[in-house]
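Please open the model in your viewer and keep a selection tool at hand. The tour below goes from one selection to the next and says what is found at each stop.

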Amino acid sequence: MSTQIKGIEKEYFLSKLIGEQIPLMYVYNRKNYTFKVDKISKEEMELITTEPVEGLIINRKINLMFDYKGLIISFVVEIKDISQEVIITSMPAVLYKNLDRSNSRVSVPTDLQIQLTSMEDRYSLPYPKYSVFEISEDLAFPSDMDPKDFNALMAKMLTVINECANGHKIVYYSSSVLPEKVEERLVTENGKTLFIPSTVDKLPDFTEKQQRYMVTSDVFKRYFESIGVGEAFLEQSIKQFIKNKCDEGLAGVLLVPLLFQEYVVGYIFAWKSGSPSSKPMDKPFNMAFAETIRQYSKWLVFSLKERGYFEAGHMKDRVINGKISDISASGLRFAVPNSFMFLTLQPGVEIAVTLTSPQRDIHTKVKIRRRYKEGSLVYLGCSFVDMSPTDTQYLFEFIYGKPNRGSAEVLFSGNV
């Protein structure tokens, strides 16, 4: 992957652009243009060129590259002013140096049309949303389970629950049933599982992997801060919450959210009542139990989908109306509005893409590699996957205007 260059190292490379008059390269519509840096201030760069340059519009962002002693460095700037041979741009926030020698990003040629299409079914549903999109995965149903037999799945789960807990309920959200209690808000707002194996003890020490989907002390603290609890009282608030559960007659607590895409459909609540000295259940109330119920929660939600539970909110249009920022022979970058619709676009998600040029249509996929927010937009860097060698060769020649000669070709940063 490309490596970010910031701080003193960034200033060093930028100073070399003036001190050694290193040329900057800009590619547009399969033509290479060269700039020289004339001045650099705290907020602006002043570039000069000796020829008319296509594709320069005020407020447009462009990719520039330069070669410093064999190290290819790229960055993005925004055009602020254009006057004859002088171009004023913003200062780059960060530079990138390539480690993988992937292909350079260029502006999309004017005769190339790109359409992005979601490969996931999309839904608009009346449930609370959390800040992550649940990517579809191989649920690995046991051979004796029918994904569409919701009642059988439920019965199997309740058998497991009754071995470890002596109380349970399943809550489904609706317009009239919304999260209100602290524990409901914790699991719903974060899409995480709340597990307190013993209410006379502290929260468990979760592994790094478990911290991604369990309510940790940090999650508790963020919640209490959001409702106005002062920093000095955060730890005490967690202890008091656990004590309150003990006072309610609960010896152990497990709340597992039912997650569907960016929605929290409801939750599974299992508890162990009594005191720590009460007669133990058939099996311990431990992390293995919590993980098992998490797995059942995924199976249950998948079964609901298969039975048409969410179908009323099914959205037919899968076209992603993103603005393509740039493209390379190995990937592309596009921007979408920062709205809940695009919680689906997370790193690891694949998107169908059609590239339409005058000579050929290419149907392939891209995988989102990184995502970042800038202003009101979310930018997504993607790499092509499953593109045939002939299509890759054609795309290279089409966007760069020259054949790919392998090692003889100068390849630039593939930061997407």
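Two strands are said to pair if DSSP finds at least two bridges between them, and the helices (H or I, at least four residues) and strands (E, at least two) named here are DSSP runs, numbered from the N terminus. This is a predicted model, in which local features need pLDDT of at least 70 and side-chain atom pairs count only at pLDDT 80 or more, while totals for chains, interfaces and linings use all residues. Residues are numbered from 1 along each chain as its sequence is written, and side-chain values use heavy atoms, with hydrogens and water left out.

**First stop: a four-stranded sheet**

Select β12 (194–196) together with strand β13 (residues 250–260): the two run antiparallel and are joined by three bridges. Ile196 has Val253 of β13 opposite. Now widen the selection to the open sheet of four strands, whose order is β11-β14-β13-β12, with antiparallel pairing. β11 (167–172) and β12 stand at the edges with a single partner strand each, so one side of each has no neighbour in the sheet. On average, neighbouring strands of this sheet are turned by 15 degrees against each other, direction ignored; axes here are lines fitted to C-alpha atoms, for helices over the stretch in contact, and angles run from 0 to 180 degrees between N-to-C directions.

**Second stop: helix α3**

Select helix α3 (residues 182–190), where Glu183, Glu184, Leu186, Val187 and Thr188 are buried. Buried means under 20% relative accessible area, exposed means over 50%, and partly exposed lies in between (1.4 Å probe, protein chains only). What do the buried residues of α3 pack against? They pack against β12, α4 (217–226), α5 (234–247), β13 and β14 (263–273), where contact means heavy atoms within 4.5 Å. Just after α3, select Gly191, which takes a positive phi of about 65 degrees.

Select helix α2 (residues 150–164) and helix α6 (residues 287–306), whose axes come within 10 Å and cross at roughly 165 degrees. The two helices α2 and α6 are therefore roughly antiparallel to each other, a term for angles over 145 degrees, whereas those under 35 count as roughly parallel, 65 to 115 as roughly perpendicular and the rest as oblique. To see the contact, show the side chains of Phe150, Leu153, Met154, Lys156, Met157, Val160, Ile161 and Cys164 of α2, and of Phe289, Thr292, Ile293, Tyr296, Trp299, Leu300, Ser303 and Leu304 of α6.

Select strand β7 (residues 86–90), where four of the five residues are buried, so the strand is largely enclosed by the rest of the structure. Five bridges join β7 to β4, and these two strands run antiparallel; Ile48 has Val86 of β7 as its bridge partner. Strand β6 (residues 71–83) also pairs with β7 in the antiparallel sense, over four bridges, and Ile82 stands opposite Ile87 of β7. β6 and β7 form a hairpin with two residues between them, and Gln84 in the turn has a positive phi of about 50 degrees.

**Last stop: two loop residues**

Select Arg30, in the loop between β2 (24–28) and β3 (31–40); Arg30 has a positive phi of about 65 degrees although it is not a glycine, and it is partly exposed, with a relative accessible area of 27%. Then select Asn59, in the loop between β4 (44–48) and β5 (61–68). Is Asn59 buried or exposed? Asn59 is exposed, with a relative accessible area of 56%, and its phi is near 80 degrees, a positive value in a residue other than glycine.
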